[in-house]
Amino acid sequence: MASATLNQGGGHVGALRLFLTRAIKFGLVLATTLLGLVAVTFFIGRIVPIDPVLAVVGDRAPPAVYDRARKELGLDRPLIEQFVIYVKKAATGDFGNSVLTTNPVMSDILTTFPATLELATLGTLIGTLIGIPLGVLAAVKRGSWIDQLVRLLGLVGYSVPIFWLGLMGLLLFYAKLGWVEGPGRLDVTYSYMYTPVTNIVLLDTLMQGQMDAFWNALSHIALPACLLGYFSLAYISRMTRSFMLNELAQEYVIAARVKGLSEMRVIWRHALRNAAVPLVTVIALSYANLLEGSVLTETVFAWPGLGQYITNSLQNADMNAVLGGTLVIGAVFVLLNLVSDILYHLLDPRTR
Amino acid sequence: MAGAPPLSPPAGTRAWLLSPEPASRWQARLGRFYLGWRAFSKNPLAVLGLGIVLLLVLVAIFANLIAPYSPIVGGDLRTERLLPPSAAHLFGTDDLARDIFSRVVYGSRTTLWVVMLVAIIATPIGLLMGTVAGYLGGWVDTVLMRITDIFLAFPRLILALAFVAALGPGIDNAIIAIAITSWPPYARIARAETLMIRNSDFIAAVKLQGASTPRIILGHVVPLCLSSLIVRVTLDMAGIILTAAGLGFLGLGAQPPMPEWGAMVATGRNYLIDQWWVAAMPGAAIFVVSLGFNLLGDGLRDVLDPKAAR
């Protein structure tokens, strides 16, 4: 981050200094927030009514064994010291081992996260590509049916339980109409036709030229991606509409019209370009929200991502995995917010 | 507050309500309320939302009169399992031969209970954090807002999941977890409002009269923050319902046999393809109720906070 900001500020000493202080401030905020995230998960881990020592040695262990295990787990030390150790470990990505899979939690997260990422990225893509034009049209033709549609999409999007909509989608498009494949990422038949490299199935199959597997994977991802895309679309189109209304009321729009520019140019080149600055933040936020929405979506579609990993671990009282997953999602959330902040500063010359 | 006798208004109730010179605080408040209601009732969608919410409350209160069957004890397992919707069973029956309509009706109690408790727990926390931070400023503000930011940094459902995992599944723990994850936005709003109020003349006047800081915050700042907070909480109700239903769907909210809509959808998942009604009906109930709260919240916002309306 630091080098990118340096380049941006280059040349002007004052601007550079401003940028450096801003970068340091960003860094401090990021550090305290991440530390806070770790503190919250540490605290949650301590209030669990499960004795972690008993989980290791069993409840029939003699006291000597119990005490040794307690010492080895570091539970005999003061709470502050335990916290420092926890922070140190978390900083290196060490969240302990998962009881359920016996792998280190971090390696589990690394294998499941790409699946979540694939889904959320596709969802955001759908939401952005459809949502922005829809929002622009709604703002331009205020009160028309398209405006009402955006309002309705938004209302339903805020009110409908995502897991229920997913189930109903499965019922309709998979069970009744047979348009798409059902739960899972890939049919078993195809799952050995490629070697997982990035763990993003669409990318892996495409790069290895396994077109059959690719189409199968696409058919599997279509429904959950459209579902997440819908939620993203509902949010993005509503925000686009409100930003565009703001821009269209500005004087430069009148000036552009007076100048004789075509309406198309005024709307899509001038107004939208200005509305695009706050939209970046909205898209980043909706991306972050999809990562959250994926917990329920992944359960419905048996999608082997991070969300399903967390819920599976939850149901098996696997606290290391739950807290590790929570922390990773929290960190991604914070980073996305940070990225959107930085993009905002880069795109809007007034904040430089 | 003594209050003027409302029984004999000079020229009809309306004139009394709209009087530009109210004789008492009470009359002024009623008058404002009436004006707000007039604006609110012009918005048909908002009235629809209010209707849905009132219906939810009524159904929850009179659940035992409305529901034709027991929500917990099922019928004959040999003949009454998974029946499709019919006149006898409006929404059909589930895998334990229980009437789904009755369970949805009783489920409204669970939903209302969750929403009320979360609002009662989370609103005062957010209000206090925000007003204290905003009014005192300085390092208190910094510390409180950093804490708020940390909680905001977690996605809500995931944080609630982690808390429920620690506390153990159950409706009460789900309520606590949702409340813990709900207050930060309220604190932000209360703080923003407080920052606007803090430097106004009437606060300076109260200060000169020698009012203590807690008195100023509780007696003068908090009431002024309430209206925008009420709107936000109402708008949040839908989110709270959806989060609670999501926890229930994952098996972490209300435990069986308690009728809870999210958990009922989860049961229906196993019978989705052939017995769609088991999942569809309770899910539709969640949808309608959160839609109602959203419409109501939108309407309230337009009345109470005309700036935000567009």
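This is a predicted model: local features need pLDDT of at least 70, side-chain atom pairs count only at pLDDT 80 or more; totals for chains, interfaces and linings use all residues.
How many of the residues of α7(B) are buried? Eleven of the twelve, so the helix is mostly covered. The buried ones run from R156(B), L157(B), I158(B), L159(B), A160(B) and L161(B) to A162(B), F163(B), V164(B), A165(B) and A166(B). Just after α7(B) comes G168(B), with a positive phi of about 100°.

Staying in chain B, please look at α5, residues 100-136, and α8, residues 171-198. These two helices pack at an angle of about 35°, and their axes are 5 Å apart. In their contact, 20 residues are nonpolar, eight are polar and three are charged. As for handedness, α5(B) passes α8(B) in a right-handed crossing.

Now over to chain A. Chain A has 14 helices and zero strands. Its C-alpha trace spans about 90 × 65 × 40 Å along the principal axes. Of the 352 residues in chain A, 38% are buried. If we take the contacts in chain A with a separation of 6 or more, 69% of them join residues 24 or more positions apart.

How do the two chains meet? The contact takes 41 residues from chain A and 36 residues from chain B. On the chain A side, the elements that give two or more residues include α2 (13-47), α10 (211-248), α12 (263-300) and α14 (319-347). By class, that side of chain A has 29 nonpolar residues, eleven polar and one charged.

I'd like to finish with one residue, T299(A), which is found in helix α12 of chain A. Is T299(A) buried or exposed? The cut-off for buried is 20 or more other C-beta atoms within 10 Å. T299(A) has 24 C-beta neighbours inside 10 Å, so this threonine counts as buried. Leaving aside residues up to four places away in sequence, T299(A) touches F163(A), Q308(A) and T311(A), and also L250(B) from the other chain. P183(A) is 116 residues away from T299(A) along the chain, yet their C-alpha atoms are separated by 9.5 Å.

Note on methods:
Residues are numbered from 1 along each chain as its sequence is written. Chains are lettered from A and ligands numbered from 1 in the order in which they are written. Axes are lines fitted to C-alpha atoms, for helices over the stretch in contact, and angles run from 0 to 180 degrees between N-to-C directions. Helices (H or I, at least four residues) and strands (E, at least two) are DSSP runs, numbered from the N terminus. A crossing is left-handed if the near helix is turned anticlockwise from the far one by less than a right angle, and right-handed if clockwise. Ala, Val, Leu, Ile, Met, Phe, Trp, Tyr, Cys and Pro count as nonpolar, Asp, Glu, Lys and Arg as charged, and the others, Gly among them, as polar. Two residues are in contact if their C-beta atoms, placed from the backbone, lie within 7 Å.
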